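I opened this model to look up its charges, fold, core and backbone angles. My entries follow in the order I checked them.

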Amino acid sequence: AYIEANGEGRYEIVANEDDKGDAQEAARVTAAVLAAHPDVAAFAGFDSESGADIVTALRAAGKQPGELVVSPMAQTPD
């Protein structure tokens, strides 16, 4: 909702996946999103497994550092 309200139409969210906090699932989901959307510009992870395993999947797909933005997010307390 924040991106839609503040992104001025510059961004499109192409997938909202749950890796269930599992490293292998994070890599699998990333590979699937990349296959479906090869021109994707960024990934965001929201648990401790996501960031590193997003990068692992991108490397396996032949992506180089800097080609995409990877933003692992830390959860903040409510």
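**Charges.** The 5 positive and 14 negative charges of the protein have mean positions 6 Å apart. Here Lys and Arg count as positive, Asp and Glu as negative, and His and the chain ends are not counted. I placed each charge at NZ of Lys, CZ of Arg, CG of Asp or CD of Glu.

**Ground rules.** The model is predicted, with local features needing pLDDT of at least 70 and side-chain atom pairs counting only at pLDDT 80 or more, while totals for chains, interfaces and linings use all residues. Residues are numbered from 1 along each chain as its sequence is written, and side-chain values use heavy atoms, with hydrogens and water left out.

**Fold.** I find three helices and two strands in the protein. These are DSSP runs numbered from the N terminus: helices are H or I with at least four residues, strands are E with at least two. The order along the sequence is α-α-β-α-β. The radius of gyration is 13 Å, close to the 12 Å of the globule rule for 78 residues, so the protein is as compact as a globular protein of that length. That radius is taken over C-alpha atoms, and the rule is 2.2 Å times the number of residues to the power 0.38. The C-alpha trace spans about 35 × 30 × 20 Å along its principal axes.

**Surface and contacts.** The protein exposes about 5800 Å², and carbon and sulfur atoms supply 51% of that area. Areas come from the Shrake-Rupley method with a 1.4 Å probe; for residues, only the protein chains shown count as cover. Of the 78 residues, 24% count as buried. Buried means under 20% relative accessible area, exposed over 50%, and partly exposed in between (1.4 Å probe, protein chains only). I also checked contacts, meaning heavy atoms within 4.5 Å. Among contacts with a separation of 6 or more, 59% join residues 24 or more positions apart.

**Core.** Which residues make up the largest nonpolar core? I list Val29, Val33, Leu34, Val40, Phe43, Ile54, Leu58 and Leu68, eight residues in all. Helix 2 gives the largest share, three residues. A nonpolar core is a set of buried Ala, Val, Leu, Ile, Met, Phe, Trp, Tyr and Cys residues joined through side-chain atoms within 4.5 Å. I then followed valine 40. Leaving aside neighbours within four places in sequence, valine 40 contacts Val14, Leu34 and Leu68.

**Helix 3.** Helix 3 covers residues 50–60, and its buried residues are Ser50, Gly51, Asp53, Ile54, Ala57 and Leu58. They pack against helix 2 (23–36), strand 1 (42–45) and strand 2 (69–72). Valine 70 is in strand 2. With a relative accessible area of 26%, valine 70 is partly exposed. Beyond neighbours within four places, valine 70 contacts Phe43, Gly51, Ile54, Val55 and Leu58. Valine 70 and serine 50 are 20 residues apart in sequence and 9.7 Å apart in space, C-alpha to C-alpha.

**Positive phi.** Most residues other than glycine have a negative phi. I noted glutamate 8, with a positive phi near 55°. Lysine 20 also has a positive phi near 55°. Glutamate 8 is in the loop between helix 1 (2–6) and helix 2, and lysine 20 is in the loop between helix 1 and helix 2. Glutamate 8 counts as exposed at 69% relative accessibility. Lysine 20 counts as exposed at 62%.
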